[in-house]
Amino acid sequence: MPEAPEAAAPAAPPPPADGAGSHIPGPRSSSPAAPAAASSGGGGGGGRDRYLDLLRALALVRVVVYHTFGWAWLTLLLPSIGIMFALAGSLAAHSLQRPALSVVRGRLRRLLVPFWLFSAAVNVLMLLHGWRPHSWHRMLLWILPLADPPGTAWAEQIIAPLWYIRTYLWLVLLSPWLLKAFRTAPRPCLAACGALAVLAQYDRLPLTEPALTPVVDLATFAACWLLGFAHRDGLLDALRARTVVAAAALCLVAGGWFAYTHPTDEGIDLGEIPLAQALWSAGFVLLLLRFRPRRMGRVPGADGAVGLLNARAVTVYLWHEVALFVSVPLIDLMWDVPFFEARLPLDATWFQFLVVWPLIGAAVLLVGWTEDLAARRRPRLWPAGGPKHGRRACGRAARAR
């Protein structure tokens, strides 16, 4: 799930070369190094890492593109889910410099408040379409989605992305223990994630539903979360470039080969191949977080869009399938208008993609302010994401958490 925006300080700088950079080192001290005050993205201060913000924005856009066009190859071109988990893991490690209970509570609040509004809307719509829950205790999963909440075939498309919310929730809850274990033994932890991904792929986990699916998703993306820890602690920067390239190449080749030899009905779709997803995403994350640009120039127009997507990441993710769902009857209505029928490519998927974004924008206006409430910020209808405003917002968010 997209990570709500916060002060994204860069990873700690690498230590002086001492010949020990050819392996993953342990933590350099009993507590992580204090993050630098300036962003590694070269954004001119404000505590924001503009490179990480750009990655998150691109990952969100790729999710919308994939769910619109259904192109399986997009999962190879940009494994956005693994990237988002890695970024969230990096921010979680940074936040856990504070007391763990307050950090977990704050992150749950930032996730669950927007989710509860989405939950209320979806449940009302399902009830209006004749749904009658058979198990009321399972309705609690619409409050705390530790497993998949109940739904209907009518709402299947709308609630399908909630698996990410569930996986993110579990990783947040487990982060204090995961971070402690990772800082104690990083390589064994990453190896354990790989072993779990193998077990998940071959259905060897000793679990049944409803516990099996959440554990499979955790096993698939836990390594990306841990690599986010490594980025935040400066462990990736401490590795020699050739070591990271070799490790990433090994993951990408192994993941690509496994995906090629285990195609789905839609082709090579990593979303349906857990082991390939785990390996390919880990390889991408290694490269993106280790070889990030030290400075990024501003792009007029793009900075505002990146800022908006980061400020409303939870809203965009939760409501983009609703926008896709609504776009179908909306385009059907356009067919009844002769001017639209004659002048617009109403039957083109790319036209639906263009229609979806104003609908996502409407969701941002209508419900996006709940993300500000969850972060204990002053609610804004349309966060501009400007540098001066971003500094004030980041400062308030840091104090609130």
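Analyst: The lining of the largest pocket splits into 17 nonpolar, ten polar and nine charged residues. This is a predicted model. The pocket itself has a volume of about 890 Å³. In total, 36 residues line it, and those closest to its centre are Tyr66, Ala160, Trp163, Gly271 and Glu272.

Several helices give two or more residues to this lining: α1 (50-69), α3 (80-95), α5 (156-159), α6 (162-184), α7 (186-201), α8 (212-233), α11 (274-290) and α13 (313-334). The top contributor is α8, with five residues. Helices are the rule here: the protein has 17 of them and zero strands.

Now the aromatic residues. The protein has 19 aromatic pairs. One of them joins phenylalanine 85 and tyrosine 164. Their rings are stacked, at 4.4 Å centre to centre and with 20° between the planes. Phenylalanine 85 sits in helix α3 and tyrosine 164 in helix α6, so this pair ties together parts that are 79 residues apart in sequence. Both α3 and α6 are among the helices that give two or more residues to the pocket lining. Phenylalanine 85 has a relative accessible area of 0%, so it is buried. Tyrosine 164 is buried too, with a relative accessible area of 0%.

A second pair has another geometry. The ring centres of phenylalanine 118 and tryptophan 319 are 5.2 Å apart. Their planes stand at 85°, so this pair is edge-to-face. Phenylalanine 118 belongs to helix α4 (residues 100-128) and tryptophan 319 to helix α13, and the two are 201 residues apart. Helix α13 also gives two or more residues to the pocket lining. Phenylalanine 118 counts as buried, at 0% relative accessibility. Tryptophan 319 has a relative accessible area of 15%. The cut-off for buried is under 20%, so tryptophan 319 is buried as well.

Some aromatic residues form a cluster. Phe85, Trp163, Tyr164, Tyr168, Phe221, Trp225 and Tyr317 make up one such group. Phe85 and Tyr164, the stacked pair, are in this cluster. Trp163 is in the cluster, and Trp163 is also among the residues closest to the pocket centre.

Finally, the protein as a whole. Of its 401 residues, 53% count as buried. Among contacts with a separation of 6 or more, 77% come from residues 24 or more positions apart. The accessible surface is about 18100 Å², and carbon and sulfur atoms account for 69% of that surface.

Definitions and conventions:
Residues numbered from 1 in each chain as written. Predicted model: local features only at pLDDT ≥ 70, side-chain atom pairs only at ≥ 80, totals over all residues. Heavy atoms only, no water. 1 Å grid on protein atoms, 1.4 Å probe; cavity = no way out; pocket = protein on both sides within 12 Å on 5 of 7 lines; lining within 4 Å. Points joined across faces, edges and corners; volume = space filled by probe spheres on them. Helix = DSSP H or I, 4+ residues; strand = E, 2+ residues; numbered from the N terminus. Nonpolar A, V, L, I, M, F, W, Y, C, P; charged D, E, K, R; others polar. Buried < 20%, exposed > 50% of the residue type's maximum accessible area, 1.4 Å probe, protein only. Contact = heavy atoms within 4.5 Å. Areas by Shrake-Rupley, 256 points an atom, 1.4 Å probe, with all protein chains shown as cover. Phe/Tyr/Trp six-rings, centres within 6.5 Å; stacked < 30°, edge-to-face > 60°.
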